[in-house]
Amino acid sequence: MNKSIYMDHAATTYTKPEVLEEMIPYFTTYFGNPSSIYTLARETKKAIDVARDKIAKAINANENEIFFTGGGSEADNWAIKGIASAYKQKGNHIITTTIEHHAVLHTCEYLAKNGYEITYLPVDEYGLINIKDLENAITDKTILVSIMFANNEIGTIEPIKEIGALCRSKKILFHTDAVQAVGHIPVDVKEMNIDLLSIAAHKFYGPKGVGALYVKKGIKIDNLIHGGGQERNRRAGTENVAGIVGFGKAIELATKNMEENNKKLVYLRDKLMNGLLEIPHTRLNGPRGENRLPGNSNICFRFIEGESILLMLDANGIAGSSGSACTSGSLDPSHVLLAIGLEHEIAHGSLRLSLGDETTEEEVDFVLKTVPGIIQRLRDMSPLYDDYLKKGEK
Ligand SMILES: *Cc1c(COP(=O)(O)O)cnc(C)c1O
């Protein structure tokens, strides 16, 4: 079988043909610089405004609260560094979690080297933060809470509405990295009291290298990128017009079909998850049910390495991940799996398969037919498994 099965949608998605089709004229016909004043430029400026409007609608924001960036990482960096800098007179304390994406974690580590205090909230065995821990961590020096909407590795959806309500009542700004959530599950910045929110188009069938930061009206934030006056003086640089147009189209499509898509995804995901868990010595990472992203499955296989599972899956035409794309190639186990309490040895054997719009039941069945043999072959070569068979459980 030389079919190829893509199950790494949490890392990135393809760009939908309808999205690409809307983008193409902005490379060729409408290439004017939106900052110029002739007719050609007015077309591009208008296209950006239309996209901005679609993005605002999708998260229940106003269009003047949306600022385009070069993707999710830039939005996270901007939110955290921009607030840290703008509010440094008020305080130097930031609260985040141990399971954030590196775009948030490494930004916080950078700030810690520059005089800021960072609290990393722990999570429970399912990856959920405890709202009481958050409340207890807040001090009179706290200027920002940054907690991800949904986790990219284990699919945990955090109690965002409760977090937003608490931060609002304590008058502390709340940023959420919603890169895995927007376009996949309902997000409402007003109802959830969100002050800043990061988005990336390529996680929901838009192009790579374009994203946005939502900044609630009236919030002071310093710039990350200095230069020209684009994005109402908040983010310099000639706009990625075609990318922004694609972003707008992609978010429109994703929001329109969300409920229907998710029903299908949850069915396929549960079939995949439950099937894989029938293999002995496995464990599910992340929660079941409502608190899990519809397309995410993440399972640990004891006695073997995630990397070797990936290579053998690849040989069978299946693309998966052992955690986040950014840590692949490093030998450390995932910080998220360690944070939910797994031992190193078990955390090493993780496999994330993330499903998408075009995933079929046949693909899930093929994976379920293929994986048990791979796991058995790897275990047959594993000294850890050999030890286990000889000594049994200690
Ligand atoms: C993918 C991802 C990012 C980074 O977004 P880029 O557009 O790749 O910079 C940040 N946070 C989360 C949760 C992600 O899944």
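The model is predicted, so local features need pLDDT of at least 70 and side-chain atom pairs count only at pLDDT 80 or more, while totals for chains, interfaces and linings use all residues. Residues are numbered from 1 along each chain as its sequence is written, and side-chain values use heavy atoms, with hydrogens and water left out.

Around the ligand stand 13 residues, of which Gly 72, Ser 73, Asp 177, Gln 180 and Lys 203 come nearest (a residue is near if one of its heavy atoms lies within 4 Å). By class this shell holds 3 nonpolar, 7 polar and 3 charged residues (Ala, Val, Leu, Ile, Met, Phe, Trp, Tyr, Cys and Pro count as nonpolar, Asp, Glu, Lys and Arg as charged, and the others, Gly among them, as polar). Helix α3 (residues 72-86) gives the largest share of the shell, 3 residues (helices are DSSP runs of H or I with at least four residues, numbered from the N terminus). An oxygen atom of the ligand lies 2.9 Å from a backbone N or O atom of Gly 72, and a polar side-chain atom of Gln 180 lies 2.7 Å from an oxygen atom of the ligand. On the side chain of Asp 177, an N or O atom is 2.7 Å from a nitrogen atom of the ligand. Taken alone the ligand exposes 380 Å², and the protein buries 87% of that (areas by the Shrake-Rupley method with a 1.4 Å probe).

A search of the whole structure finds 2 cavities of 30 Å³ or more (on a 1 Å grid over the protein atoms alone, a cavity is a set of points where a 1.4 Å probe fits but cannot get out, and lining residues have an atom within 4 Å of a point). The largest cavity contains about 290 Å³ of space (the space filled by probe spheres set on the points). Its lining numbers 27 residues, with Gly 183, His 184, Lys 203, Leu 265 and Leu 355 nearest its centre, and α9 supplies the largest share, 4 residues. Because domain 1 (5-13 + 257-391) and domain 2 (17-256) both give residues to this lining, the largest cavity lies between them (bounds from an automatic or database domain assignment).

The largest pocket has a volume of about 550 Å³ (a pocket is an open set with protein on both sides within 12 Å along at least five of seven lines). Of its 22 lining residues, Ile 157, Ile 185, Pro 186, Glu 290 and Arg 292 are the closest to its centre. The largest share of this lining, 5 residues, comes from α9.

Key. Helices (H or I, at least four residues) and strands (E, at least two) are DSSP runs, numbered from the N terminus. A polar contact is a pair of N or O atoms within 3.5 Å; within protein, one must be able to donate a hydrogen and the other to accept it, and residues adjacent in sequence count only if both atoms are side-chain atoms.
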